[in-house]
Amino acid sequence: MRISVFGTGYLGATHAAGMAELGHEVIGVDIDPAKIERLQRGEVPFFEPGLPELLRKHVDSGRLRFTTDAAEAAEFADVHFIGVGTPQKKGENAADMRFVDAVIDTLAPLLTRPAVILGKSTVPVGTAARLAARVRELAPVGEQAELGWNPEFLREGFAVEDTLRPDRLVLGIDKAHPGRVEEVAREVYADAISRDTPFLTTDLATAELVKVSANAFLATKISFINAVAEVCEVTGADVADLADAIGHDVRIGRKFLGAGLGFGGGCLPKDIRAFMARAGELGVDQALTFLREVDNVNMRRRDHVVDLAAREVGGSLKGARIAVLGAAFKPNSDDVRDSPALDIAGRLHLAGSDVRVFDPEAMKNAEQVWPTLNFAESALTACLDVDLVIVATEWSEFRELDPMALKGRVTCPVVIDGRNCLPTEQWTDAGWRYIGLGRHAS
Ligand code: UGA
């Protein structure tokens with residue numbers, strides 16, 4: 001099929017390359033000429049394992065190209081995906097719909113032949129119905145320009161795998177104008193469907209809500225275990241053992257019960273806030289007030305690590321030398337949007353500590369957000385002569401650090417394991433004071 005993908009960020013660029021891998025002819029569209037130039041050269045402007053190889057393969061094969069020209073995409077493709085961002089509005093919980101609206105307002109008037117638009121961006125419920133009507137109104141082909149909603153569930157760090165082998169496909173259809181949307185989507189995803197991937201069709205509102213509900217549930221699961229971690233901390237219980245034990249119940253499951261610094265990134269935090277804001281607009285704010293608590297528990301974890309750090313360096317953070325290992329919001333990503341790791345590094349810095357940050361991939365992005373932090377060349381350099389080490393992102397490089405060798409570099413062998421990811425015994429055996437979150441301190 002001939003496909004266009006509007007937006008070439010983490011979602012759009014991966015989706016474009018993934019669609020080319022599935023055998024489609026793809027054109028990626030973005031308003032940022034610098035980004036398009038790099039992608040057209042086969043370069044991925046962010047870190048995502050496996051994506052550079054996939055992108056280069058299909059740019060070279062000619063099946064994938066990039067442009068800033070929406071008219072070129074409208075002319076070329078029969079299916080148009082929307083993969084632009086819906087960030088949190090400044091000073092508000094609601095999602096900023098500017099970029100999605102701009103794609104529709106640009107693309108729809110250019111549709112002179114039948115086309116299907118499939119939205120992938122995470123949007124407030126009600127958006128798709130509004131956009132479907134707008135497309136019909138603006139498109140020269142009128143009713144033959146159709147819109148469906150096809151939410152994306154990919155995880156950063158596993159984005160290629162999630163795109164090529166999704167665990168489910170969800171398609172929201174405008175029930176009053178069903179048209180060709182399902183038929184076209186089934187053709188796009190024929191490969192996954194042939195492998196018996198569940199393909200669920202719903203109305204537009206349900207599809208939009210599936211996405212935010214999934215992220216709200218994941219956020220709630222993480223905050224649940226972090227709330228229990230708070231209780232563990234005052235009772236001497238161990239939250240990691242507890243999570244293992246309850247996780248054996250298949251109704252609960254062990255995944256996303258990793259207690260620690262909590263969730264960050266470009267999705268979970270803003271999605272729960274936008275969901276609350278939308279519920280408020282719809283007059284059912286009480287239904288989601290628990291998400292406010294989910295958010296509060298999450299943010300408290302960061303305060304807690306800063307408090308622990310102050311305690312461990314003798315009460316005052318001023319002048320304390322602290323290594324923060326990790327800046328990305330999770331490993332295998334260079335994304336620092338709402339990163340708990342970078343947040344605590346910044347707070348310790350503002351409190352007067354001499355903070356040295358190292359991250360295997362996110363240094364450039366972290367430096368843009370916090371240019372006044374000290375960035376070290378390696379984990380070992382960051383830890384030289386420090387009073388405290390904080391592991392804030394669970395990169396395997398940090399999990400595999402040799403605690404014995406590291407002990408010789410620091411002033412005080414104290415580590416806060418902000419992700420409960422270190423082999424505790426090895427660190428304590430090497431003579432470190434080990435502090436996990438929700439776990440006994442050694
Ligand atoms: C999330 C969802 O997992 C995807 O399904 C969804 O498609 C995506 O948002 C999106 O909306 O686009 P992602 O933001 O890549 O994916 O990250 P997650 O793997 O969900 O992790 C989010 C945060 O939770 C990270 O900061 C991670 O460190 C934290 N986390 C995760 C925990 O603190 N504990 C856990 O047990 C698991």
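Is Asp385 buried, partly exposed or exposed? At 39% relative accessibility, Asp385 counts as partly exposed, where buried means under 20% relative accessible area, exposed over 50%, and partly exposed in between, with a 1.4 Å probe and protein chains only.

Before I go on, please keep in mind that this is a predicted model, in which local features need pLDDT of at least 70 and side-chain atom pairs count only at pLDDT 80 or more, while totals for chains, interfaces and linings use all residues. Residues are numbered from 1 along each chain as its sequence is written, and side-chain values use heavy atoms, with hydrogens and water left out.

Staying with Asp385, its phi is near 60 degrees, a positive value in a residue other than glycine, and the residue sits in the loop between helix 16 (379–382) and strand 12 (388–391); helices (H or I, at least four residues) and strands (E, at least two) are DSSP runs numbered from the N terminus. Asn332 also has a phi near 60 degrees, and it belongs to the loop between strand 9 (321–325) and helix 14 (340–350), where it is partly exposed at 32% relative accessible area. As background, most residues other than glycine have a negative phi.

Let me turn to the ligand. Both domain 1 (2–197) and domain 2 (201–442) give residues to the shell around the ligand, so it lies between them; the domain bounds come from an automatic or database domain assignment. Of the 21 residues around the ligand, those that come nearest are Leu154, Glu156, Lys211, Asn215 and Gly258, a residue being near if one of its heavy atoms lies within 4 Å. Helix 10 (204–235) and helix 12 (268–281) each supply at least two residues of this shell, and helix 10 gives the most, with four.

As for individual distances, a backbone N or O atom of Gly258 lies 2.7 Å from an oxygen atom of the ligand, and a polar backbone atom of Glu156 is 2.8 Å from a ligand oxygen. The protein covers 89% of the 720 Å² of accessible area that the ligand has on its own, with areas from the Shrake-Rupley method and a 1.4 Å probe.

Finally, the cysteines: a search of the whole structure finds zero disulfides, a disulfide being a pair of cysteine sulfur atoms within 2.5 Å. Cys232 is in no disulfide, and the nearest cysteine sulfur, that of Cys421, is 18 Å away; Cys232 counts as buried, at 3% relative accessibility. What about Cys412? Its sulfur is 13 Å from the closest cysteine sulfur, in Cys383, which is too far for a bond.

Key
Polar contact = N/O pair within 3.5 Å; in protein donor to acceptor, adjacent residues only side chain to side chain.
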